[in-house]
Amino acid sequence: LSASQIEYIEAQAHILIYHLEGGKTILSRDTLKNVEEKLNPDTGFFRCSRCYLINLKHIREVKTTTVKVGDDELFISRPRKKEFMATMAKFFRGGN
């Protein structure tokens with residue numbers, strides 16, 4: 001599985017749901033923290049809330065408290081909003 005195929009990873013209880021391009025999903029037992037630690041920092045992933053680790057290259061739209069990734073609208077937590085906006089700006093300027 002290539003990191004570029006992952007639109008976002010969703011945590012539900014102790015299950016991770018990998019949402020992939022084309023609407024496919026893969027289930028895994030792990031934590032978002034473990035996955036974050038395994039990903040190369042240059043892959044462009046950001047944890048926008050307790051439940052979501054998103055691939056910045058798949059962002060379609062950003063609203064006040066949500067981000068559209070693929071066809072799904074995901075919540076951005078208030079404490080992570082400022083860092084998310086800065087990371088996203090840097091990523092799209094090519095400074096990832």
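Colleague: Which residue in the turn between β2 and β3 has a positive phi of about 80°?

Modeller: This is a predicted model, so local features need pLDDT of at least 70 and side-chain atom pairs count only at pLDDT 80 or more, while totals for chains, interfaces and linings use all residues. Residues are numbered from 1 along each chain as its sequence is written, and side-chain values use heavy atoms, with hydrogens and water left out. Strands β2 and β3 form a hairpin with four residues between them; strands (E, at least two residues) and helices (H or I, at least four) are DSSP runs numbered from the N terminus. The turn residue with that positive phi is Gly22.

Colleague: What is the bridge partner of Ile15 in β3?

Modeller: Strands count as paired if DSSP finds at least two bridges between them. β2 and β3 (residues 25-29) pair in the antiparallel sense over five bridges. In β3, the partner of Ile15 is Arg29.

Colleague: And which residue stands opposite Ile15 in β2 on the β1 side?

Modeller: β1 (residues 6-12) pairs with β2 in the antiparallel sense, over six bridges. Opposite Ile15 stands Gln12.

Colleague: Is Ala13 buried or exposed?

Modeller: Ala13 lies in the loop between β1 and β2, and its phi is near 60°, a positive value in a residue other than glycine. Buried means under 20% relative accessible area, exposed over 50%, and partly exposed in between (1.4 Å probe, protein chains only). With a relative accessible area of 77%, Ala13 is exposed.

Colleague: How many disulfides are there?

Modeller: A disulfide is a covalent bond between the sulfur atoms of two cysteines. Here it is taken as a pair of cysteine sulfur atoms within 2.5 Å. The sulfur of Cys51 is 9.1 Å from the closest cysteine sulfur, in Cys48, which is too far for a bond. The count is zero.
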